[in-house]
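Me: I should like to go through the classifications used for this model and the criteria behind each of them. Please set every value against its definition.

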Amino acid sequence: MSASPDEPAREGAPAADIDGAEPLDPAELDQAISRVEHELGRLFARIRVSWREAAQTVHPDLQPLGYQVLTSIATGKATSAGAIIERLQTDKSAVSRHVRQLEQLGLVESVADPDDRRARVLVATELAQERVALARSRYEARLGERLRRWSAEDLDHFAELLAAFGD
């Protein structure tokens with residue numbers, strides 16, 4: 001019998017799989033965890049390559065973190081240095097450096113905050129919006145090409161597993 005989601009598994013007791021099927025023995029579970037760790041490493045490496053490609057699409061001098069800063073601004077998810085730092089979990093000096101570069105490249109402007117004229121907010125320029133849209137469309141096309149090979153059922157299951165893993 002496996003532990004309920006609210007109860008920890010007993011030490012030494014075999015763990016049940018995510019669907020509650022046959023329990024895995026500890027050695028099999030360790031091997032499965034190692035495979036997941038390996039595949040996550042491959043996935044993260046591919047994501048870093050995608051960020052680098054997207055950054056190059058926007059501007060040849062833009063670094064992947066600069067692209068992430070820009071997309072945070074362009075989507076309106078973070079329009080101040082503090083919000084970017086929190087969203088990307090990076091340090092203030094890196095964000096400042098990338099914001100300065102984005103401003104020099106004509107991709108970001110600092111404007112008066114409409115809600116508080118004493119404050120400034122960062123906004124993406126029209127050029128930035130166009131280039132980010134191009135980079136996103138290329139990325140989405142590549143991702144869509146890979147995922148369209150899967151059934152809707154597999155995609156739903158994958159999304160559920162990702163959501164559970166992220167909790």
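Me: What is the accessible surface of the protein chain, and what share of that surface belongs to carbon and sulfur atoms?
Reply: The accessible surface comes to about 11,900 Å², and 52% of that area belongs to carbon and sulfur atoms. Accessible areas come from the Shrake-Rupley method with a 1.4 Å probe, and for residues only the protein chains shown count as cover. This is a predicted model, in which local features need pLDDT of at least 70 and side-chain atom pairs count only at pLDDT 80 or more, while totals for chains, interfaces and linings use all residues. Residues are numbered from 1 along each chain as its sequence is written, and side-chain values use heavy atoms, with hydrogens and water left out.

Me: How many helices and strands does the protein chain have, and in what order do the elements run?
Reply: There are 6 helices and 4 strands, running β-β-α-α-α-α-β-β-α-α from the N terminus. Helices (H or I, at least four residues) and strands (E, at least two) are DSSP runs, numbered from the N terminus.

Me: Why is Thr125 called buried, and why is Glu126 called exposed?
Reply: Buried means under 20% relative accessible area, exposed over 50%, and partly exposed in between (1.4 Å probe, protein chains only). Thr125 has 12% relative accessibility and therefore counts as buried. Glu126 has 63%, so this residue counts as exposed. Thr125 belongs to the loop between strand 4 (116-124) and helix 5 (126-147), and Glu126 lies in helix 5. Of the 167 residues in the protein chain, 21% are buried.

Me: With which residues is Thr125 in contact, leaving aside its neighbours within four places in sequence?
Reply: Contact means heavy atoms within 4.5 Å. With those neighbours left aside, Thr125 is in contact with Gly106, Leu107, Val108 and Glu109.

Me: What makes strand 3 and strand 4 a pair?
Reply: Two strands pair if DSSP finds at least two bridges between them. Strand 3 (residues 108-113) and strand 4 are joined by 6 bridges and run antiparallel, and therefore they pair under that definition. Ala112 has Arg120 in strand 4 as its bridge partner, and a hairpin joins the two strands through 2 residues.

Me: How many aromatic pairs does a search of the whole structure find?
Reply: The search finds 1 aromatic pair. Its rings, those of Trp150 and Phe158, have centres 5.2 Å apart and planes at 75 degrees, so the pair is edge-to-face. Rings of Phe, Tyr and Trp (its six-membered ring) pair if their centres lie within 6.5 Å; planes under 30 degrees apart count as stacked, over 60 as edge-to-face and the rest as tilted. Trp150, at 39% relative accessibility, counts as partly exposed, as does Phe158 at 33%.

Me: Which residues have the most contacts inside the largest nonpolar core?
Reply: They are Val58, Tyr67, Leu70, Ile73, Ile84 and Leu102, in a core of 21 residues. Helix 2 (64-74) is among the elements that each supply at least two residues, and helix 2 gives the most, with 5 residues. A nonpolar core is a set of buried Ala, Val, Leu, Ile, Met, Phe, Trp, Tyr and Cys residues joined through side-chain atoms within 4.5 Å.

Me: What pLDDT does the protein chain average, and over which residues is the pLDDT below 50?
Reply: The average is 88, and 87% of the residues score at least 70. The pLDDT is below 50 over residues 1-14. pLDDT is the predictor's confidence in each residue, from 0 to 100. Where pLDDT is low, the predicted coordinates should not be read in detail.
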